[in-house]
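Here are my notes on the model you asked me to look over. Have it open while you read, and go point by point.

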Amino acid sequence: MAKKDNTLVFSSYSIPKAVAALALPSMLGMLINIVYNLADTFFVGQTGNANQVSAVSLSMPLFLLFIALGNLFGVGGCAFVSRSLGEGNRDIIKSISAFCIYGGIAAGVLLGGAFLIFREPLLYLIGASDDSIGFACDYLKWVSLGSPFIVTGITVGNLIRGEGAAKASVTGMIIGQLANIVLDPIFILGRGDRILFFHLPFGFDMGVAGAAIATVLGNIISVAYFLVYFLRGKSILSITPRRFSVKNGIARGVISVGMPAALNNLLMSLSNIVINMFLSHYGDTAVAAMGVAMKANMLVVMLQLGLAQGIQPLIGYCYGAKNYTRMKKSMRFGILCNIIIGATMTAVYIFFRRQVISMFIDNAEVVDYGVKMLTALMSSGVFLGTMFIINFSFQGMGKGMQSLLLAIGRQGLIFLPLLFIMDRLIGLEGIIWAQPAADYVCIVMSIIMLYVVIKKLEKQTIGDAENATQKPQG
């Protein structure tokens with residue numbers, strides 16, 4: 001049987017078909033990711049121990065560092081692989097993938113080791129109390145031991161997207177996440193403990209430590225799936241250690257694009273911490289309401305991010321092949337799809353905003369605040385996906401600086417100053433509207449940056465064509 005060529009999706013499919021083939025699995029993965037992110041907190045919450053719930057929340061900023069490492073090597077490698085495919089440079093792809101995989105494993109081991117040694121002072125530093133420190137240390141111990149698998153799973157899932165195997169990528173991710181969700185109650189709770197409407201027939205009763213073990217096992221299962229994928233010869237990537245290389249611009253090419261993706265994870269965590277600090281001056285009700293509104297808004301953001309992430313390899317391939325016409329058409333179609341998604345979800349959320357917030361919490365004061373906050377967050381929903389498409393397109397083109405500016409702008413350079421200024425000027429209303437204001441600034445900034453990049457490409461294309469006609473024939 002002939003080996004399937006995953007790269008045909010980049011060159012031979014119609015643009016709508018290519019976008020669907022690449023983006024739909026990524027969007028499905030994002031939906032599963034939302035459930036996965038809520039699972040640990042939900043099942044630990046069934047223990048009825050607030051200190052264990054607090055331990056998961058406290059450990060999350062440190063856990064995000066493992067995800068950031070996975071994105072550093074995975075997103076950077078994905079963009080480099082697809083761009084190299086478009087250039088027809090298949091041999092370097094094996095070295096790119098080997099660098100990303102083994103670089104990610106090494107970085108995961110180093111960070112995990114540091115967390116194992118310094119986990120107690122680190123957790124105290126970010127807010128652990130004497131009541132929660134023991135639980136938080138248990139959680140961080142197990143995820144640190146599993147750090148090579150956590151980083152590798154994220155890295156390899158992204159690399160496989162780069163060669164056009166979007167279904168295999170999202171399948172590996174979903175298998176691990178579903179395994180985590182299934183294992184969570186088994187490891188966290190004990191025999192006879194109640195979940196919703198039934199009692200568990202068995203369980204290890206390990207509490208928050210069980211949540212960490214389930215997370216690690218889920219990632220091990222993902223890595224095992226990807227290993228089978230490689231061993232079956234379905235990939236043009238390489239997991240051979242002798243292919244590892246940092247030469248020929250490999251390290252720079254991966255890190256320059258992967259760094260903005262990694263920083264985005266870190267800045268999202270930082271911005272959430274900062275906004276909660278500001279809201280705390282207005283009481284626990286305001287903090288709770290923003291948490292609920294942001295969880296509701298997450299669905300829209302994740303769908304738009306999933307579509308943008310899905311078509312990133314298509315943009316990279318077209319850029320590498322210098323097929324700028326197909327690249328621009330793909331971007332326009334992706335932007336149109338995200339605008340439709342944003343407009344539809346915004347209309348539904350605005351019309352049913354009180355019902356949406358009430359689904360999360362039964363508290364009249366929190367619902368009133370939450371309605372106002374969800375309205376503000378959704379005000380940029382129609383066009384926010386445009387910025388995501390442009391940002392991931394920059395990553396696909398290898399434009400690390402432009403991607404970096406957008407990543408740190410929305411969650412840092414633009415958002416944080418606006419948060420300070422608007423809080424001073426109009427108080428709580430200013431805090432509520434700071435993120436939408438930052439979104440609109442970044443949307444406009446991304447369009448201007450894209451216009452500049454496209455104009456440069458057009459000039460380059462004209463120059464290449466003129467040089468070709470001036471060459472002597474014969």
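1. Ground rules. This is a predicted model, so local features need pLDDT of at least 70 and side-chain atom pairs count only at pLDDT 80 or more, while totals for chains, interfaces and linings use all residues. Residues are numbered from 1 along each chain as its sequence is written, and side-chain values use heavy atoms, with hydrogens and water left out. Helices (H or I, at least four residues) and strands (E, at least two) are DSSP runs, numbered from the N terminus.

2. Helix α6. Take residues 147–162: α6 has 16 residues and spans 23 Å from its first C-alpha to its last, close to the expected 22 Å at 1.5 Å a residue. That expected span is 1.5 Å times one less than the number of residues. Of its 16 residues, 14 are buried, so α6 is mostly covered. Buried here means under 20% relative accessible area, exposed means over 50%, and partly exposed is in between (1.4 Å probe, protein chains only). Just after α6 comes Gly164, with a positive phi of about 95°.

3. Helix α14. Residues 381–397 make up α14, which has 17 residues and reaches 25 Å from first C-alpha to last, close to the 24 Å expected at 1.5 Å a residue. It is largely enclosed by the rest of the structure, because 15 of its 17 residues are buried. Gly398 follows α14, and its phi is positive, near 80°.

4. Ser97. You'll find this one in helix α4 (residues 91–125). Is Ser97 buried or exposed? It counts as buried, because its relative accessibility is 0%. A polar atom of the Ser97 side chain lies 3.0 Å from the backbone oxygen of Lys94. For reference, a polar contact is a pair of N or O atoms within 3.5 Å; within protein, one must be able to donate a hydrogen and the other to accept it, and residues adjacent in sequence count only if both atoms are side-chain atoms. Not counting residues up to four places away in sequence, Ser97 touches Leu159, Leu237 and Ser238; contact means heavy atoms within 4.5 Å.

5. Ser95. This serine lies in helix α4. At 12% relative accessibility, Ser95 counts as buried. Which residues does Ser95 contact, leaving aside its neighbours within four places in sequence? They are Arg243, Ser245 and Ile250.

6. Searching the whole structure turns up 6 salt bridges, where a salt bridge is a side-chain nitrogen of Lys or Arg within 4 Å of a carboxyl oxygen of Asp or Glu. One of them pairs Glu458 with Lys328, with the closest N and O atoms 3.3 Å apart. Glu458 is in helix α17 (residues 428–470) and Lys328 in helix α11 (residues 324–351), so the pair ties together parts 130 residues apart in sequence. Glu458 also meets Lys455 in a salt bridge (3.5 Å, N to O). Both of these lie in α17, 3 residues apart, about one turn of the helix. An α-helix has 3.6 residues a turn, so residues three or four places apart point the same way. Taken together, Lys328, Lys455 and Glu458 are linked in a network of salt bridges. As for cover, Glu458 is partly exposed at 30% relative accessibility, Lys328 is partly exposed at 23%, and Lys455 is partly exposed at 37%.

7. Another α17 bridge. Glu429 forms a salt bridge with Lys372, the closest N and O atoms being 3.1 Å apart. Glu429 belongs to helix α17 and Lys372 to helix α13 (residues 364–378), so parts that are 57 residues apart in sequence are tied together by the pair. Glu429 is partly exposed, with a relative accessible area of 32%, and Lys372 is partly exposed at 37%.

8. Loop residues with positive phi. Asp205 has a phi near 55°, a positive value in a residue other than glycine. Asp205 sits in the loop between β2 (198–199) and α8 (208–231), and counts as exposed at 55% relative accessibility. Lys322 isn't a glycine either, yet has a positive phi of about 60°. Look for Lys322 in the loop between α10 (284–320) and α11; it is exposed, with a relative accessible area of 53%.

9. Helix α16. Leu425 is in helix α16 (residues 415–426), and at 67% relative accessibility it counts as exposed.
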